[in-house]
Amino acid sequence: QVQLVESGGGLVQAGGSLTLSCTASGSILSINVMGWYRQAPGKQRDLVATITAGGTTNYAESVKGRFTISRDNAKNTVYLQMNSLKAEDTAVYYCYANVRTVARSLVDYWGQGTQVTVSS
């Protein structure tokens with residue numbers, strides 16, 4: 001089994017910054033893609049950013065230039081630095097990992113979610 005544990009959410013004023021982190025642990029052989037998704041009330045869960053093991057990144061258009069995703073492969077940890085936050089960034093942020101388990105299965109895992117609230 002694999003667990004993803006997120007931290008770093010909270011309340012921030014518009015224009016402020018927050019950093020989210022997510023650490024994967026458990027029966028991990030390797031991790032391919034890690035990333036962040038978010039879900040606002042009444043809306044679907046949408047991609048925020050992803051990063052491959054090799055460091056290739058992908059961002060939603062709405063966060064380009066404001067958010068930066070990074071990862072520490074040795075620590076199985078992914079980070080999301082969020083700057084110039086806007087009210088519309090308010091959502092529950094979910095960590096995602098595509099994991100090759102020790103059983104050689106390729107499985108998608110999700111964190112429990114962390115609330116980010118941006119006050120205007």
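This report covers the strand pairing, the nonpolar core and the aromatic contacts of the structure above. The model is predicted.

Strand S4 spans residues 28-39 and pairs with strand S9, residues 91-101. The two are antiparallel, with nine bridges. Within this pairing, tyrosine 37 has tyrosine 94 of S9 as its bridge partner. S4 also runs antiparallel to strand S5 (residues 46-51), joined by five bridges. Here glycine 35 is bridged to threonine 50 in S5. Six residues lie between the strands in the S4 and S5 hairpin, where glycine 42 takes a positive phi near 75°.

**The four-strand sheet**

An open sheet has four strands in the order S1-S3-S8-S7, paired antiparallel. Strands S1 (2-7) and S7 (67-72) are at the edges; each has a single partner strand, so one side of each lacks a neighbour in the sheet. On average, neighbouring strands of this sheet are turned by 15° against each other, direction ignored. Inside the sheet, S3 (residues 18-26) and S8 (residues 77-82) share six antiparallel bridges. Threonine 19 stands opposite glutamine 81 in S8.

**The core**

The largest nonpolar core has 32 residues. Trp36, Leu80, Met82 and Tyr93 touch the most other members. Elements giving two or more residues to this core include S1, S3, S4 and strand S11 (114-119). S9 gives the most, with five residues. Leaving out residues up to four places away in sequence, methionine 82 touches several residues, among them Leu18, Leu20, Phe67, Tyr93 and Val116.

**Aromatic pairs and a charge**

The whole structure holds three aromatic pairs. Two of them are tabulated here.

| Pair | Distance between ring centres | Angle between planes | Type |
|---|---|---|---|
| tyrosine 37 and tyrosine 96 | 5.9 Å | 70° | edge-to-face |
| tyrosine 96 and tryptophan 110 | 5.1 Å | 50° | tilted |

Tyrosine 37 lies in S4 and tyrosine 96 in S9, so their pair ties together parts 59 residues apart in sequence. Tyrosine 96 and tryptophan 110 are 14 residues apart, the latter in strand S10 (residues 106-110). Together, Tyr37, Tyr96 and Trp110 form one aromatic cluster.

Tyrosine 96 has a relative accessible area of 11%, and the cut-off for buried is under 20%. Tryptophan 110, at 38% relative accessibility, counts as partly exposed.

Arginine 45 sits over two rings. Its charged end is 4.8 Å from the ring centre of tryptophan 110. Arginine 45 also lies over the face of tyrosine 94, at 3.6 Å from the ring centre.

Conventions: Residues are numbered from 1 along each chain as its sequence is written. This is a predicted model: local features need pLDDT of at least 70, side-chain atom pairs count only at pLDDT 80 or more; totals for chains, interfaces and linings use all residues. Side-chain values use heavy atoms; hydrogens and water are left out. Two strands pair if DSSP finds at least two bridges between them. Axes are lines fitted to C-alpha atoms, for helices over the stretch in contact, and angles run from 0 to 180 degrees between N-to-C directions. A nonpolar core is a set of buried Ala, Val, Leu, Ile, Met, Phe, Trp, Tyr and Cys residues joined through side-chain atoms within 4.5 Å. Buried means under 20% relative accessible area, exposed over 50%, partly exposed in between (1.4 Å probe, protein chains only). Contact means heavy atoms within 4.5 Å. Rings of Phe, Tyr and Trp (its six-membered ring) pair if their centres lie within 6.5 Å; planes under 30 degrees apart count as stacked, over 60 as edge-to-face and the rest as tilted. A charge sits over a ring if NZ of Lys or CZ of Arg is within 6 Å of the ring centre and within 35 degrees of the ring normal.
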